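Here is a short tour for anyone meeting this structure for the first time. Please keep the sequence and the 3D view at hand as you read.

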Amino acid sequence: DLIFEDHRVAPYCGRCGTALSDAEVSQGYQQVDDPSVYVRFPLVDGPLAETGASLVVWTTTPWTLPSNTACAVGTDVVYQLVRTSGFGRTDELLVLAADRRVDVLGEDAEVVRELTGAELIGARYTPPFALVDLPAASGAHRVLAAGFVTTSDGSGIVHLAPAFGAEDMEVGRAEGLPVVNPVDATGRFTTGPWQGVFVKDADPDIIRTLAADGRLLASRTYTHTYPFCWRCQRPLIYWAKPSWYIRTTAKRDQLLANNAGIDWHPEHIRDGRFGRWLENNVDWALSRDRYWGTPLPFWRCTDCDHVEVVASRAELGAKAGRDLTELDPHRPYVDEVTLPCPSCGGEAHRVPEVADAWFDSGGMPFAQWGYPHQGHEEFARHYPADYICEAIDQTRGWFYTLLAEGTLLFDSASYRTCACLGHIVDEDGRKMSKSTGNVLDPWELIDRHGADALRWLMFAEGNPWVNRRVSHQLLEDVVRRFLLTLWNTHVFFATYAEIDGFSLASPAPPVAERPASDRWVLAELAHLVELVDRALDRYDVSSSTRALERFVDDLSNWYVRRNRRRFWKAAADDPADKAAAYHTLHTCLTTLAQLLAPYLPFLAERLWLDLVVSQHGDDAPVSVHLTDFPVAPDAWRDEALRAAMATARRVVELGRQARNDSAVKVRQPLARALVTVPESERAGLVALLPEVADELNVRAVELSDGTGELIERHLKPNFRALGPAFQQRAPHVARAIGAVSPATAGALADALAAEGTAPLRVDGDEVTLTPEMLTVVETSRTGWAVASDGGTSFALDTALTRDLEVEGAARELIRAVNDQRKAAGLALDDRIELIVAVSPPELDADLDAGGHYATIGREVLATHVQRAPVSDGTRVELGVLGSALLAIRS
Ligand SMILES: [Zn+2]
Ligand SMILES: [Zn+2]
């Protein structure tokens with residue numbers, strides 16, 4: 001009952017003998033001039049028939065007129081009965097839509113009366129041709145109502161030929177009209193004077209015949225786009241051929257109910273694009289006229305039309321009365337099998353059609369196991385699927401066929417969760433196409449940037465359902481911004497682990513005993529593991545990738561950068577601290593490898609092999625893809641520390657801003673800074689102040705109750721607001737505003753902010769100021785650089801002492817020597833001898849007295865620092881204090 005045969009109107013090429021899909025049709029539109037004819041359809045009954053009136057019917061396909069079965073009007077459209085002598089007859093009466101009268105008949109036609117579409121319904125008319133005889137009882141050749149009638153062109157009365165229009169077929173089916181189809185599969189007439197002529201070639205002669213019969217009112221030319229066959233460039237026609245259908249409309253409610261239970265990403269697909277498609281469900285046109293495909297298992301009796309449906313090769317063999325277990329069930333072999341008709345004893349042959357390939361796609365969940373012939377257990381275990389994913393256009397394709405077949409066969413959706421992907425577009429968001437020349441070859445992208453880079457771009461550029469821009473530039477950005485940052489962090493670890501002979505077998509200090517920065521990065525890692533896990537549970541790829549990128553950036557540009565010297569320094573200095581650093585960074589990198597494995601399978605595997613397999617050998621899983629998703633131990637968690645470090649880093653940002661504003665070089669140490677943070681953040685920040693001080697190269701950073709006393713406020717008059725308010729007194733008020741001293745300006749600005757007004761004495765009178773009358777300008781008190789944001793501020797004491805300047809000079813020397821080491825191509829652990837000559841002698845003496853030469857020696861891995869004249873050295877400027885000549889020897 002759910003399978004039936006009916007006519008299906010589809011775009012069709014008579015030369016190729018095949019229907020075309022929507023996608024094929026869209027490739028072949030051309031602009032053409034077609035005939036546009038207005039034809040008289042004389043009424044034969046109803047109130048207007050007695051007056052001798054004719055309907056005015058318009059068409060651009062005259063060849064469909066011999067197949068006319070009805071005319072459609074709009075019930076809401078206003079029609080007119082008009083009298084005209086302009087078309088070869090005197091005082092002829094015509095009916096058409098009021099909106100179309102002037103366009104079709106000109107200004108001269110006289111309106112006799114107006115009528116509604118409803119008044120016309122049921123009226124019968126004489127069709128223009130009698131090519132095909134229709135019994136009187138067929139209900140054909142009458143006026144009926146249709147929703148698609150408009151008055152934007154034509155006459156407002158639409159000729160229906162159900163065999164040649166999908167909408168016509170739909171109305172015809174609802175009204176029980178016959179399908180008149182005098183056109184064969186080559187697109188030629190099968191009967192009448194045009195027998196054997198391709199239908200569109202018959203148009204001119206059909207128009208001549210209409211004129212000769214007095215039916216033609218007007219013939220014009222109509223320019224429009226018309227579909228052509230992409231294979232042979234011939235015009236397509238819309239043509240009805242018998243087809244097999246699945247009656248999906250009978251299950252519409254179940255389809256909607258099952259759709260309601262699917263977890264859609266994005267969610268709006270459920271009730272939007274997909275839900276609307278289901279609500280407007282039409283029966284599934286199942287058959288295709290192809291050679292390749294799944295043959296429809298229907299055998300029809302040539303004598304009595306009885307149809308046998310066969311469910312298996314065994315059943316076919318039983319019915320055919322021979323062993324068919326070795327039969328190839330495809331064409332041509334299956335077509336050779338005939339069955340005796342159980343109804344009349346005649347011979348039944350397989351119908352020639354094959355199934356729509358989409359039907360196969362929808363059968364995947366059970367067909368892959370051979371169910372129901374076999375695979376019952378596998379099917380039960382895997383149905384319905386947890387998750388499917390395809391591009392958004394599959395709402396009419398695979399998403400639908402899976403749901404439809406699941407609903408028809410098992411009354412359930414065959415998938416629980418569905419993610420709809422957007423499309424891949426070029427850099428500017430345009431569709432990639434050969435004609436535009438913006439197509440990128442994926443293999444070339446992969447060869448040049450790596451498969452992982454392409455994968456990350458797909459994951460990280462917003463939600464999966466948003467179109468993906470892909471370009472070489474975007475991939476280069478991914479590599480530079482993310483992959484190389486991660487890789488360089490790994491290289492840093494590997495390099496120093498190698499130099500130090502670090503072994504994972506060495507005892508790892510308990511997390512609680514490690515320095516704050518180690519505990520912090522592990523707390524961030526724990527947070528990351530949870531966040532990625534939770535996000536992936538929700539199919540939320542983009543927030544997981546954002547979190548991973550942020551962590552890699554934190555790890556590289558904060559943790560590693562800030563803790564570099566812990567890896568450099570000699571192990572003998574503090575072995576526990578060094579072990580803590582190595583173990584912490586190793587944990588971060590291996591956990592990252594596990595987190596990133598689904599996203600970056602190659603890079604993650606490389607990290608795993610280098611960091612784990614090479615260290616543990618046979619004891620470790622041989623691949624990161626064989627490990628479980630990581631779970632963060634409780635020992636890593638420390639929300640208070642995460643919050644405190646966030647505060648510290650916010651303060652550092654302000655500190656950098658203040659340093660920038662003050663134009664004191666970053667390498668120049670400063671004596672002190674004052675920090676103000678919201679009350680709730682003070683306690684956490686205290687322990688991290690040394691970190692802030694070190695990062696900003698300030699000897700001491702102190703918490704302060706407020707940096708207000710370090711800021712001066714001045715008032716600037718705003719003439720544009722003062723003029724209208726004070727007229728001729730405005731200049732006096734402006735002068736008074738400018739004269740407010742910094743000591744009282746602050747109070748006045750605060751009052752304005754709090755009350756909205758503030759009083760000011762001007763020439764002995766008191767006037768009232770409002771905020772728009774002045775601008776408050778903040779400047780730092782001399783000697784301080786201040787930056788603030790919300791409740792947080794940072795004030796840097798920029799005063800320099802001799803002591804600070806000498807230390808700054810030492811920093812300059814360290815930087816210069818390290819540059820020389822790099823230029824000389826020395827390895828990170830190569831020792832050198834340093835010869836340095838600083839002038840003037842007072843600076844040399846101060847550097848020595850401050851112990852700076854010892855520090856310099858340590859920092860540049862010098863076994864010996866020799867203060868001696870340098871003949872052929874490099875000159876280094878040491879600010880205002882002096883200069884140096886230096887040379888290194890490896
Ligand atoms: Zn063709
Ligand atoms: Zn039969």
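## Two cis prolines

Proline 840 sits in the loop between strand 33 (832-839) and helix 28 (841-849). Helices (H or I, at least four residues) and strands (E, at least two) are DSSP runs, numbered from the N terminus. The peptide bond that joins serine 839 and proline 840 is cis, with omega about 0°.

Another cis bond runs from histidine 265 to proline 266, with omega near 0°. Proline 266 belongs to the loop between strand 13 (263-265) and helix 7 (268-271).

## About the model

This is a predicted model, in which local features need pLDDT of at least 70 and side-chain atom pairs count only at pLDDT 80 or more, while totals for chains, interfaces and linings use all residues. Residues are numbered from 1 along each chain as its sequence is written, chains are lettered from A and ligands numbered from 1 in the order in which they are written, and side-chain values use heavy atoms, with hydrogens and water left out.

## The zinc sites

Which residues hold the zinc ion (ligand 1)? Cys13, Cys16, Cys229 and Cys232 coordinate this ion through their SG atoms, at 2.2 to 2.4 Å. Donors are N, O and S atoms within 2.8 Å of the metal (3.2 Å for Na, K and Ca); water is not among the atoms, so sites may look incomplete. The angles among the four donor atoms of ligand 1 are 103 to 115°, and the site is tetrahedral. Four donors count as tetrahedral if all angles lie between 85 and 135 degrees. Along the sequence, the donor residues of ligand 1 are spaced C-x2-C-x212-C-x2-C. Cysteine 16 lies in the loop between strand 1 (3-13) and strand 2 (18-19), and cysteine 232 in the loop between strand 11 (216-227) and strand 12 (237-246), so the pair ties together parts that are 216 residues apart in sequence.

The zinc ion (ligand 2) has Cys301, Cys304, Cys341 and Cys344 as its protein donors, each through SG, at 2.2 to 2.4 Å. Angles of 99 to 114° between the four donor atoms make this arrangement tetrahedral. Cysteine 341 is buried at 5% relative accessibility, whereas cysteine 344 is partly exposed at 41%. Buried means under 20% relative accessible area, exposed over 50%, and partly exposed in between (1.4 Å probe, protein chains only).

## Helices side by side

Two packed helices are described by the angle between their axes and the distance between the axes. Helix 17 (residues 516-537) packs with helix 19 (residues 575-596) at an angle of about 10°, and their axes are 10 Å apart. Axes are lines fitted to C-alpha atoms, for helices over the stretch in contact, and angles run from 0 to 180 degrees between N-to-C directions. Helix 17 is therefore roughly parallel to helix 19, a label for angles under 35 degrees. Residues of helix 17, including Val521, Leu525 and Val532, meet residues of helix 19, among them Ala581, Cys588 and Leu595. Contact means heavy atoms within 4.5 Å. The residues of this contact divide into eleven nonpolar, three polar and one charged. Ala, Val, Leu, Ile, Met, Phe, Trp, Tyr, Cys and Pro count as nonpolar, Asp, Glu, Lys and Arg as charged, and the others, Gly among them, as polar.

The axes of helix 16 and helix 20 come within 12 Å and cross at roughly 5°, so these two helices are roughly parallel to each other as well. Leu483, Leu486, Trp487, His490 and Phe493 in helix 16 meet Leu603, Arg606, Leu607, Asp610 and Leu611 in helix 20. By class, that contact has seven nonpolar, one polar and two charged residues.

## A covered helix

Which residues of helix 15 (residues 451-460) are buried? They are Asp452, Ala453, Leu454, Trp456, Leu457 and Ala460. Their cover includes helix 14 (442-449), strand 24 (468-469), helix 16 (472-500), helix 18 (541-568), helix 19 and helix 20 (601-616). After helix 15 comes glycine 462, with a positive phi near 85°.

Histidine 141 has a positive phi near 60° and is buried at 17% relative accessibility. Glutamine 727 has a positive phi near 50° and is exposed at 52%.

Notes: Tetrahedral: all angles 85-135°; square planar, octahedral: opposite > 155°, others 65-115°. Parallel < 35°, antiparallel > 145°, perpendicular 65-115°, else oblique.
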